[in-house]
Amino acid sequence: MVVAALELEGVSKYFGARCAVHGATLAVRSGERVAVLGDNGSGKSTLLAIASGVLDADGGRVGRPVGIGYAPEKPDIPDHLLVVEWLDVVGSLKGANLRDPDELGIRSLLGKRVSTLSLGQRQRVSLCAAFLGEPPLLVLDEPTNALDHDARAAVIERLRGATVLVATHDEDLVESLSARVVRMKNGRIDIS
Amino acid sequence: MVALVPAAGLAVVAVSAAWRVALEGGGLDVRLTRRTLPVLAITAAHLLRLLRVARGRLVVSAASASFGAVALALSLHNDPPVRPVARALAILSWPLTLSAAVLVAPVREAEGPVRSLARVTRTRWTTLLAAFALTLATPSSAFGATAGALAGVFAREPPTTLGITAGAWAVPIAFAVAIWARWLDRRPQRGPVVFCLGAFVVGAVATGVASTW
């Protein structure tokens, strides 16, 4: 029997009067990779924030496992910490240690202050934090946006075999992951 | 006593120089966290923000405790009380309240990224509140203990007793300020004036409790 790692049922989210996500229903099965595609402002990031638990849905039902790995589109990392200190904080909250500092090539970044990192380096740190503790589900928003070729390849390699919900404009990433495609338009899921 | 003045001046210069070198110098960044309990990890992250980014607030916090120390020392010296501990706590209540209150804003700013992470990892809100309160309590209790001990030395009262009790007294005050700030966060009428009014009440209650001890 295939177990659903994530279930969204009729999920809605409003920001004031604007409806960002309207009645979205989506299930991600264990071991499956699902890519959410859509134009800017179609509600992809909001849907992923709800799926990860960062945002509460205003309506509908969300069933998610404990210990999700989530990387937002804009890496949300405190500027004043060293990379290794942030990974300590993430590890403490997840109850996990960083197993492989060479993953995504962050070993050389560990002793650097986050404020000194480029966007691509922050993205790598954010992804590394999401991968920490081998989470049962990865929710990744535009994970390859600012990455160079090598880091992008490493991310794709890392995601193969994992359970992933990813929002992206990158059709090559979708193809490389053999992901099931879900399209969003004006806050609604268009095709499942 | 005469040597205390240049020594204190030298200490201020030395600490200031140490902070510049150790905490601002990019090449000398030192890892100051380890994987630990969630509440301690979050507290450490908040404290590092105070040390590395919000040092102005820390200086105000320390100055407030210093004023308290001077007032306490003069009071103990000019009018030696029967119960010096009660006098110390009553006099230090306001400075310690201010000492904690000025740190609220930078700690709240530090909470943003941690809150997102806490939601994803389903960390309990009580853990975030405890970390918030511990972050406020750590510097204010250190400043309180130092103020109590220095005033004790100056007024020839037991410095250890005064230092320990003043440091311990700062903890419930900081927790009260933290709970007030967090409660206010969820109210539509939140704002700096309302926060200051609440902190004023915390200081008044602490002074009243200490006076009747």
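Colleague: In which hand does H3(B) pass H4(B), left-handed or right-handed?

Modeller: The crossing is right-handed. Bear in mind that this is a predicted model.

Colleague: What makes H3(B) and H4(B) roughly antiparallel?

Modeller: The angle does. Helix H3 (residues 55-78) of chain B and H4(B) cross at roughly 160°. Angles over 145 degrees count as roughly antiparallel, and therefore the pair takes that label. Their axes come within 8 Å.

Colleague: Which residues make that contact?

Modeller: From H3(B), they include Phe67(B), Gly68(B), Ala71(B) and Leu72(B). From H4(B), they include Arg87(B), Ala88(B), Ile91(B) and Leu92(B). By class, the contact of H3(B) with H4(B) has twelve nonpolar, five polar and one charged residues.

Colleague: How do H4(B) and H6(B) cross?

Modeller: The axes of H4(B) and helix H6 (residues 125-155) of chain B come within 10 Å and cross at roughly 145°. This crossing is right-handed. On the H4(B) side, Ala88(B), Leu92(B), Leu96(B), Ser99(B) and Ala100(B) take part. They meet residues of H6(B) that include Leu136(B), Phe143(B), Gly144(B) and Ala147(B). The contact divides into eight nonpolar, four polar and no charged residues.

Colleague: What is the overall make-up of chain B?

Modeller: Chain B has eight helices and zero strands. Of its 213 residues, 44% count as buried. Residues 24 or more positions apart account for 75% of its contacts with a separation of 6 or more.

Colleague: And how many helices and strands are there in chain A?

Modeller: Chain A has five helices and nine strands. From the N terminus, the order is β-β-β-α-β-β-α-α-β-α-β-α-β-β. Of its 192 residues, 51% count as buried.

Colleague: How do you know that the radius of gyration of chain A agrees with a compact globule?

Modeller: For 192 residues, a compact globule would have a radius of gyration near 16 Å. Chain A has 16 Å, so the value agrees. Along its principal axes, the C-alpha trace spans about 45 × 35 × 30 Å.

Colleague: How many residues does each chain bring to the contact between them?

Modeller: Chain B gives 27 residues and chain A gives 26. On the side of chain B, helix H2 (38-52) and helix H5 (104-120) are the elements that give two or more residues. By class, that side has 13 nonpolar, six polar and eight charged residues.

Colleague: Why is Ala41(B) called buried?

Modeller: Count its neighbours. Ala41(B) has 23 other C-beta atoms within 10 Å. Buried takes 20 or more, so Ala41(B) qualifies. Ala41(B) is in helix H2 of chain B. Its contacts reach into the other chain: Ala41(B) touches Asp88(A), Val89(A), Ser92(A) and Leu93(A), among others.

Colleague: What makes Gly67(A) partly exposed?

Modeller: Gly67(A) has 18 other C-beta atoms within 10 Å. Exposed means 12 or fewer, and buried means 20 or more. The count lies in between, so Gly67(A) is partly exposed.

Colleague: Where is Gly67(A) found, and which residues does Gly67(A) touch?

Modeller: Gly67(A) is in the loop between strand E4 (59-63) and strand E5 (69-71) of chain A. Its contacts include Lys94(A), Gly133(A) and, from the other chain, Thr121(B). Gly67(A) and Leu137(A) are 70 residues apart in sequence, yet 7.9 Å apart in space, C-alpha to C-alpha.

How values were computed. Residues are numbered from 1 along each chain as its sequence is written. Chains are lettered from A and ligands numbered from 1 in the order in which they are written. This is a predicted model: local features need pLDDT of at least 70, side-chain atom pairs count only at pLDDT 80 or more; totals for chains, interfaces and linings use all residues. Two residues are in contact if their C-beta atoms, placed from the backbone, lie within 7 Å. Helices (H or I, at least four residues) and strands (E, at least two) are DSSP runs, numbered from the N terminus. Ala, Val, Leu, Ile, Met, Phe, Trp, Tyr, Cys and Pro count as nonpolar, Asp, Glu, Lys and Arg as charged, and the others, Gly among them, as polar. The radius of gyration is taken over C-alpha atoms; the globule rule is 2.2 Å times the number of residues to the power 0.38. Axes are lines fitted to C-alpha atoms, for helices over the stretch in contact, and angles run from 0 to 180 degrees between N-to-C directions. Angles under 35 degrees count as roughly parallel, over 145 as roughly antiparallel, 65 to 115 as roughly perpendicular and the rest as oblique. A crossing is left-handed if the near helix is turned anticlockwise from the far one by less than a right angle, and right-handed if clockwise. Lists of a residue's contacts leave out its neighbours within four places in sequence.
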